[in-house]
Amino acid sequence: MNYNLNKYTGKEHKTSNYTAFRNLLQLISHEKKNLVVALLAILLNSTLNLLGPFLIGYTIDHYVQHKQYHGVLVFSGILLAMYLVALFTSFFQTKLMGSVGQRTLFTLRNTIFSKIQQLPVAFFNQNKAGDLISRVNNDTDKLNQFFSQSLMQFVGNIVTMIGAGVFLLIINYKIGIAALAPALLILLFTRVLSPWIKRKNAANLKTVGGMSAEIQESLSNFKVIIAFNRRDYFRKRFNEANEKNYQTAIGAGLANNIFLPFYAMCASVAQLLVLTGGIYLISEGEFSIGLLVSYLAYATYFYNPLRQLATLWANFQVAMAGWDRIAEILELETDLITVPDTMQPSLSPALLEFRNVHFGYPEGREILHNINLSLERGKTYALVGPTGGGKTTTASLIARLYDPTQGTVLLNGKDIRAYAADERSRKIGFILQEPFLFTGTVKENILYGNPRYNDYTNEQLTEAIREANLEKLLAIFENGLDTKVISGGDGVSLGQKQLIAFMRAVLRQPDLLILDEATANIDTVTEQLLGEILEKLPGTTTRVIIAHRLNTIENADEIFFVNSGEVTRAGSLQNAMEKLLHGVRES
Amino acid sequence: MKQEAGTKKKEAGIFSLLQPYMGMVALLILFTLVSNGLNLWLPKIIGNGIDAYEHGTFQLQPLLIKFMVAVIIILTFTYLQNIIQTYVSEQVARNLRTKISDKISGQSYAWVEQANPSRLLTNLIADVDSIKLFVSQAIVSLVSSLFIIIGASILLLTINWKLALAVIATLPVIGITFFLVLRKVRAMFMKSREIMDWLNKVINESILGAALIRVINSQQLEYEKFLDANSKAMGFGLSIVRLFAGLIPVITFTAGIAGLIILSLGGHFVITNSMTLGDFAAFNSYLALLIFPILVIGFMSNIIAQATASYQRISAVINMPDLMPGGTLTAQLKGDIAFNGVTVNYGQKPVLKDISFSVKAGSKVAVIGPTAAGKTQLLNLLTGLLKPSSGSVLVDGHPVTDYNSESFHSQVGFVFQDSIIFNMSIRENIAFNDTVTDEALEKAIQAAELKEFINSLPNKLDTIVSERGASLSGGQKQRIMLARALAVNPKILLLDDFTARVDNNTEQKILRNVQLLYPGITLLSVTQKIAAVTHYDQIILLMQGEIIAGGTHQELMLTSPEYIQIFNSQQSTSNYELQS
């Protein structure tokens with residue numbers, strides 16, 4: 001499966017705004033009740049706002065013109081009551097819609113994040129961290145802005161506008177038509193330009209993602225930038241991304257502003273049409289001055305919201321462009337699905353077995369060719385071989401970070417793909433070549449994702465660590481369990497990170513433990529200690545060790561030689577050495 | 001009082017961003033005023049039309065011409081205004097980003113680590129965006145809204161000052177509400193930005209740790225972490241919404257009251273014949289004009305509050321003092337290295353204690369010692385990634401800081417322990433310093449034994465490596481990093497546990513290549529393998545930040561029990577390694 005979000009080889013996204021918006025609304029269907037209540041508040045509020053000028057016009061015609069001040073006061077009282085009600089409806093409207101926006105943002109972010117969590121390692125290898133962060137953060141925020149600020153005004157404005165339009169037509173359909181005619185022009189203008197605006201914004205969001213990726217990469221590799229005196233490089237690369245973003249942002253900015261002046265012009269023209277039309281009708285005796293005054297106000301009540309809609313519609317296009325980028329992630333599915341167990345239960349005693357396994361990364365050469373191997377319970381296996389020979393790939397297939405392109409991997413005689421993720425990960429421990437720490441304490445890191453010690457106190461935990469023979473390793477950390485670590489930081493050394501990864505894996509008590517050069521940066525004395533700990537693991541634990549340093553593998557029961565995508569039994573250590581020293585390095 | 005003065009100063013700060021664009025902003029405001037002024041004139045034209053009709057002096061044609069001319073001028077000027085507005089705001093954003101990135105690029109490694117890349121990312125993207133929004137929307141809206149409010153007020157005053165004063169009297173209510181709400185909102189925005197940093201961090205770690213998370217199947221745990229941060233973010237969002245939900249109704253209500261005043265008081269005036277009906281109508285339309293800008297200010301207040309909060313955060317970065325100006329020494333290095341009583345503290349704890357040793361130019365020195373002994377810090381000191389808390393690090397008798405960094409770094413090659421690969425072509429990854437010539441590149445590739453590998457790639461040197469080098473094996477990354485260090489043709493080569501991920505065979509070849517192709521190079525190598533360094537001129541044994549012993553292999557075997565222990569730990573297999 002192609003997981004590269006920026007190189008969509010498949011069908012381009014050509015969903016219409018309507019379907020996109022419908023998909024989006026499905027995500028927030030649980031907000032239906034709130035939306036309905038908010039809509040009622042909006043309706044009420046808009047009605048009250050519309051009634052205002054009508055009552056004022058009525059008062060002018062009936063009382064001001066006829067000099068009846070009492071009536072003026074009565075209607076002022078009615079208006080005051082109305083405004084008081086509007087005060088509350090407007091409060092609820094804003095609060096409800098704003099909350100819907102915030103919760104939508106919340107739901108959206110959660111949905112994307114949980115989708116990202118479901119995707120396999122391949123997805124992360126093909127996309128840049130910064131771009132993904134930008135999608136989870138910035139693009140969702142574009143939607144939030146629309147939902148919390150714009151949607152409320154959007155609905156409110158449309159309601160007011162339609163109401164005003166209806167009033168305009170009811171009061172006098174002739175002038176009404178004249179007043180509304182420019183709106184048709186607006187509709188046409190909007191329809192023609194909307195896709196272009198969305199495209200411009202999509203281009204902009206993409207460069208924002210690119211810029212974010214650039215920052216992310218440079219900042220996490222800052223020490224190389226300093227050691228090679230390439231501060232200028234950081235600036236240069238960033239400036240390039242910044243400049244690219246500037247260009248698309250100008251495009252998007254201009255596009256987003258295209259509506260408003262035009263809408264405003266149409267609004268003014270409508271006023272003129274009302275005036276001339278009104279005067280004509282008055283001269284025909286069909287209309288009154290008082291009506292004309294309130295009519296002009298109604299025209300404003302129709303075109304003011306329309307004017308705001310200009311901006312809001314542009315915001316909507318921005319939100320839709322953001323949604324497209326989010327939808328690209330949401331549409332991805334993991335290719336590591338759990339398959340039904342259809343295999344004949346195998347009688348072989350092997351804990352893990354490769355049967356005719358082939359593997360290659362998408363669009364790449366085949367890396368492993370027809371691998372057959374079988375690992376028995378309680379034994380120690382070593383994978384040796386030159387750099388780039390396929391050792392890590394083999395290990396990744398055991399842990400099912402990828403699926404073979406051909407052939408099967410069996411765990412306990414059952415297709416590894418038939419295991420639920422949690423069961424598989426309980427059975428298989430994998431210490432990755434590059435140790436990863438989360439920001440937090442050593443304790444949090446060695447217990448990461450390990451439910452077994454969830455409610456252990458520090459004392460109980462220390463006891464458990466002693467039982468696992470790990471206490472000497474823990475002693476290497478300044479403040480023991482409470483030593484603070486920063487992800488990606490240099491506060492703890494690479495060797496220490498490897499120790500944490502080691503303890504983390506051992507405490508999970510897996511049936512099969514893979515160490516992928518997991519101790520490469522640990523000194524040899526400590527490494528001996530690790531060797532002893534591995535020895536003391538329960539007798540049924542199978543160990544798979546990948547290493548360059550030979551003392552780590554001398555106790556292996558069996559050695560496999562991995563080279564050029566082939567895995568062969570190397571026989572004795574001596575034999576493996578010969579192969580290593582005289583074999584051709586194939587990288 | 002004090003706080004108020006403080007916020008005033010910050011607001012001045014945000015406006016200072018506009019200084020280079022004063023001309024543009026002036027033009028922008030001018031255009032805005034022209035179009036808004038004309039906009040104010042339109043109801044007057046209409047009102048006059050009504051009055052003229054009442055007096056029987058109505059003429060259609062002059063009215064049409066006046067009106068259409070005004071409308072077309074408005075259209076032109078609003079478009080011009082939009083174009084300038086877009087350019088100014090985008091330039092402000094671009095230049096602010098450049099400014100921040102320049103600032104960051106001039107900082108030390110320690111600062112970037114401590115400042116937290118997730119936060120810097122929010123600074124560069126989201127914080128700048130809210131300032132951009134402020135420039136693009138708030139400034140013009142504020143100016144034009146204020147203009148309309150003042151203009152409409154003046155017009156109201158000229159029509160009927162008594163009625164006008166009564167209407168204007170309602171405005172302070174709005175002002176006070178603004179003040180109260182904004183004061184609270186700003187603090188909240190600051191906090192919600194901090195939550196954003198946190199959210200970024202969780203996302204970031206879940207991406208960089210993706211493989212581990214999948215091995216352990218802890219996706220749910222990550223989701224819960226995210227949920228936690230995201231819920232907090234929503235909490236702040238909701239509080240902010242509530243505050244604004246209080247602000248906007250107050251504004252519309254006040255506007256309604258103003259309308260009521262016009263009706264009741266103005267109606268009274270009309271009835272008592274102290275005001276014409278046309279004026280009364282104009283009053284009503286000006287009120288409609290007045291409400292809109294006030295509402296706009298209400299919405300803008302959100303943007304203003306966000307922008308000031310963001311600017312405060314950005315200022316913290318921009319106002320960082322620059323690093324001490326680097327040294328000026330550009331001498332050709334010989335390669336003598338000396339540490340004199342160097343102590344380094346990381347937080348409170350010392351990682352290196354009173355380290356003294358010297359390395360003669362052209363010699364080979366190994367640093368050996370247990371995990372977390374401070375070996376990497378030793379190398380970091382030599383490249384200026386780390387500054388000693390006390391003591392001095394000398395190269396050719398001069399402190400490292402005295403050297404011009406460009407000249408110095410082009411003569412010192414550093415191979416890091418962890419693989420750092422950029423998402424660029426292999427060529428760019430190796431020729432990372434642009435002074436690298438093609439021959440130097442070739443030589444480095446040859447020395448790092450990469451030729452075969454590169455030739456096997458479809459695009460050879462121009463093959464793009466994915467971010468974090470996911471498409472490369474550990475050893476390939478390590479060798480690219482070595483080639484990167486060698487490509488500058490260094491006088492001093494610093495290897496941090498270089499051999500850890502390269503197989504023995506390749507390792508031996510590479511070290512021979514380095515000796516052959518880079519004669520006279522001073523080599524300082526942190527390593528775990530004694531076998532590979534027995535013939536070195538000096539071996540330094542470092543433990544818990546202190547030098548325990550130093551000397552040649554033979555000397556140490558006689559004098560240092562710790563060394564012998566390490567040696568013994570590697571004995572069983574070293575006979576294989578020695579074969580080559």
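Two strands pair if DSSP finds at least two bridges between them. Helices (H or I, at least four residues) and strands (E, at least two) are DSSP runs, numbered from the N terminus.

This is a predicted model, in which local features need pLDDT of at least 70 and side-chain atom pairs count only at pLDDT 80 or more, while totals for chains, interfaces and linings use all residues. Residues are numbered from 1 along each chain as its sequence is written, and chains are lettered from A and ligands numbered from 1 in the order in which they are written.

**Strand 10 of chain A**

Strand 3 (residues 380-384) of chain A pairs with strand 10 of chain A in the parallel sense over four bridges; A:Thr380 has A:Arg543 as its bridge partner. Strand 9 (residues 512-516) of chain A also runs parallel to strand 10 of chain A, joined by five bridges, and A:Leu515 stands opposite A:Ile545. From strand 9 the chain passes through helix 17 (residues 524-535) of chain A to strand 10 in a right-handed β-α-β crossover (with the strands pointing away from the viewer, the path from the first strand over the helix to the second runs clockwise).

Five of the five residues of strand 10 (residues 542-546) of chain A are buried, meaning that 20 or more other C-beta atoms, placed from the backbone, lie within 10 Å of the residue's own. A:Thr542, A:Val544 and A:Ile546 point one way, and A:Arg543 and A:Ile545 the other way.

**Annotated spans of chain A**

An unreviewed UniProt entry annotates "transmembrane region" at five stretches of chain A, among them residues 72-92 and 177-197; such annotations may be inferred rather than shown by experiment.

| Span of chain A | Distance between end C-alpha atoms | Content |
|---|---|---|
| Residues 72-92 | 30 Å | 100% helix, 0% strand |
| Residues 177-197 | 30 Å | 100% helix, 0% strand |

**Chain B**

In chain B, 139 residues are in contact with 136 residues of chain A (C-beta atoms, placed from the backbone, within 7 Å). Helix 9 (residues 219-271) of chain B gives the largest share of the chain B side, 29 residues.

Chain B also has an open sheet of four strands in the order 2-1-4-5, with antiparallel pairing. Its edge strands are strand 2 (349-359) and strand 5 (398-399) of chain B. Seven bridges join strand 1 (residues 337-346) to strand 2 of chain B, and B:Tyr346 stands opposite B:Lys349.

Conventions. A residue is buried if 20 or more other C-beta atoms lie within 10 Å of its own, exposed if 12 or fewer, and partly exposed in between; C-beta atoms are placed from the backbone. Two residues are in contact if their C-beta atoms, placed from the backbone, lie within 7 Å.
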